[in-house]
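Please look through the sequence and the 3D view before reading on, and keep both at hand while you follow the report.

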Amino acid sequence: MNGELKVSKIKNGTVIDHITAGMAPAVLKILGIERGCPDTVIVAMNVKSQRLGLKDMVKVENRALAAETVKKIAIIAPQATVNIIKEMNVVEKIHVELPRDLIGIIRCPNRNCITNSSERVVPYLTVESRDPLTMRCHYCESLVEGPAAELLL
Amino acid sequence: MAQRTRFDWRGQDIISIRDLSREQIEDVLNHAQQIRPDPQMLVGKVMASLFFEPSTRTQLSFTTAMHRLGGRVIGFSGTEGTSIVKGESLQDTVRTIERYADVIVMRHPLEGSAQFVADTVTIPVINAGDGANQHPTQTLMDLFTIKKFHQRLDDLKIGLVGDLKYGRTVHSLAIALTRFRKIELRLISPPNLRMPPAILKELAGIVPYSETAELDLRDLDVVYVTRIQKERFPDIEEYEKVRGAYVINLKACEMLKPSAILLHPLPRVDEIAPDVDALPHAKYFDQVQNGVPVRMALLKLVLVGS
Ligand SMILES: [Zn+2]
């Protein structure tokens, strides 16, 4: 195990691994379980990782992730992998991938943007660069730099 | 001489200078240089001029451009007396208007509104200002004016003076200049009104720039002046102190080299002294006048192509 910390396994559910260190709380928020959840949730932070140096990890029992959720995770933790667990086995491994167009995923920070007005326009940002992450509002052209977890919808 | 173009402009939206390549900018400017009044060119075409926020000068310039090409104009200025005050959404307003018109020219206080309308309707949309974001036809007429007096858009030293933080025109012009070669920018502003980091980032590695609080106009080919507004300062004393330091008067013009031109998006208040108007450098009224051929060219291109 290369000296890596062993974190208890779950039976059925999702393991989100290789989360950028320190981002586990933001992932919990994306999953909507920052204020608790009826199922088992295992959170590990600042675990040694060969690939990332340090990483966070979140395991949630009885939970499958919607495509939108995976896109949000890709914004704050671009290296993350999502493992689907059935009967203790990994049945699917997904590398999160940030799409070019983020529609209804993250809001524009500009308060005078049409997407933050009464016009009810769905926020639409496009990814200009993945590393470092920069996104631009399709409408008002405001630039968003970095993971911007506080802007996630 | 027949005008040739590699671009299919017909039906295209003109929303942001960011959408335009060097070749496209040059194509528009070439058309603007060659276009002449022609009462047959856009006969039967209707321009909807939707000014959700009044701007007499821009609206008149577009209307004049349309009339000179034989087209007609419908629309409004300010939302008073329209169904918008009754709470109609922008989406519904433009979906109705696209039934009557062939092109929409719009100014709206919300940033991103022009792109939203362009995504909503099938007819071409020309952005005449969306909040603090973009006003591409202003930038094109700025470039047209620079080209007219210097015969080039490469190899120029350009000074941007005044409010570089909130000034939409200087942001767009700076971005447009990244399309050209051997440009050098001197960013002259009070420390609290410096060019935003997001714009500087777009310049980085493409357009060399220097920032200074001193009104140093030496060696510049173009001096682009913007107004410093009272509202940007915590108190009037601070404003008075700063404003005086950036006034372009006869004394300041002594620094200019003979071929240097002075531009200003207008309206001017007192950032350029009236006696400067008589100097050969003063080109801001030519700049305004150039709005008409640039808008004629754009209307022609998006409505009937080249
Ligand atoms: Zn926006």
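## Chain A as a whole

The model is a predicted one, and every value given here should be read with that in mind. In chain A the secondary structure amounts to two helices and nine strands, and, read from the N terminus, the order of the elements is β-α-β-β-α-β-β-β-β-β-β.

The radius of gyration of chain A is 17 Å, which agrees with the value near 15 Å that a compact globule of 153 residues would have. Along the principal axes, the C-alpha atoms of chain A fill a box of roughly 50 × 30 × 25 Å. Of the 153 residues in this chain, 48% are buried, and the accessible surface comes to about 8,100 Å², with 49% of that area belonging to carbon and sulfur atoms.

## A covered strand in chain A

Strand β4 of chain A, which runs over residues 81–86, is mostly covered, since five of its six residues are buried.

## Chain B as a whole

The secondary structure of chain B comes to eleven helices and nine strands. For 306 residues, a compact globule would have a radius of gyration near 19 Å, and the 20 Å found for chain B agrees with this. The C-alpha trace of chain B spans about 55 × 50 × 40 Å along its principal axes.

Buried residues account for 56% of the 306 residues in chain B, while the chain exposes about 13,400 Å², of which carbon and sulfur atoms supply 49%. Among the contacts in chain B with a separation of 6 or more, 73% are between residues 24 or more positions apart.

## Buried parts of chain B

Helix α6 of chain B covers residues 168–177, and ten of its ten residues are buried, so the helix is largely enclosed by the rest of the structure. Among these buried residues are Arg168(B), His171(B), Leu173(B) and Leu177(B).

A buried residue can also be found in a loop, as Ile272(B) shows: Ile272(B) lies between β9 (261–263) and α10 (284–289) of chain B, and its relative accessibility is 1%, so Ile272(B) falls under the 20% limit and counts as buried. Leaving aside residues up to four places away in sequence, Ile272(B) touches Val225(B), Ile248(B), His264(B) and Tyr284(B). Gly71(B), by contrast, is 201 residues from Ile272(B) in sequence and 37 Å from it in space, taken from C-alpha to C-alpha.

## Aromatic rings and charges

Over all chains, the count comes to six aromatic pairs. In one of them, the ring centres of Tyr139(A) and Phe116(B) are 6.3 Å apart and the planes stand at 65°, so the pair is edge-to-face, planes over 60 degrees apart being counted in that way. This pair crosses between the chains, from Tyr139(A) in the loop between β8 (134–137) and β9 (143–145) of chain A to Phe116(B) in helix α4 (residues 113–120) of chain B. Tyr139(A) counts as buried at 8% relative accessibility, and Phe116(B) counts as buried at 6%. Together with Tyr124(A), Tyr139(A) and Phe116(B) form one aromatic cluster.

Charged side chains also sit over rings in chain B. The charged end of Arg232(B) is placed over the ring of Tyr166(B), 3.8 Å from the centre of that ring, and the charged end of Arg295(B) is placed over the ring of Phe62(B), at 4.8 Å from its centre.

Definitions and conventions:
Residues are numbered from 1 along each chain as its sequence is written. Chains are lettered from A and ligands numbered from 1 in the order in which they are written. This is a predicted model: local features need pLDDT of at least 70, side-chain atom pairs count only at pLDDT 80 or more; totals for chains, interfaces and linings use all residues. Side-chain values use heavy atoms; hydrogens and water are left out. Rings of Phe, Tyr and Trp (its six-membered ring) pair if their centres lie within 6.5 Å; planes under 30 degrees apart count as stacked, over 60 as edge-to-face and the rest as tilted. Helices (H or I, at least four residues) and strands (E, at least two) are DSSP runs, numbered from the N terminus. Buried means under 20% relative accessible area, exposed over 50%, partly exposed in between (1.4 Å probe, protein chains only). A charge sits over a ring if NZ of Lys or CZ of Arg is within 6 Å of the ring centre and within 35 degrees of the ring normal. The radius of gyration is taken over C-alpha atoms; the globule rule is 2.2 Å times the number of residues to the power 0.38. Accessible areas come from the Shrake-Rupley method with a 1.4 Å probe; for residues, only the protein chains shown count as cover. Contact means heavy atoms within 4.5 Å.
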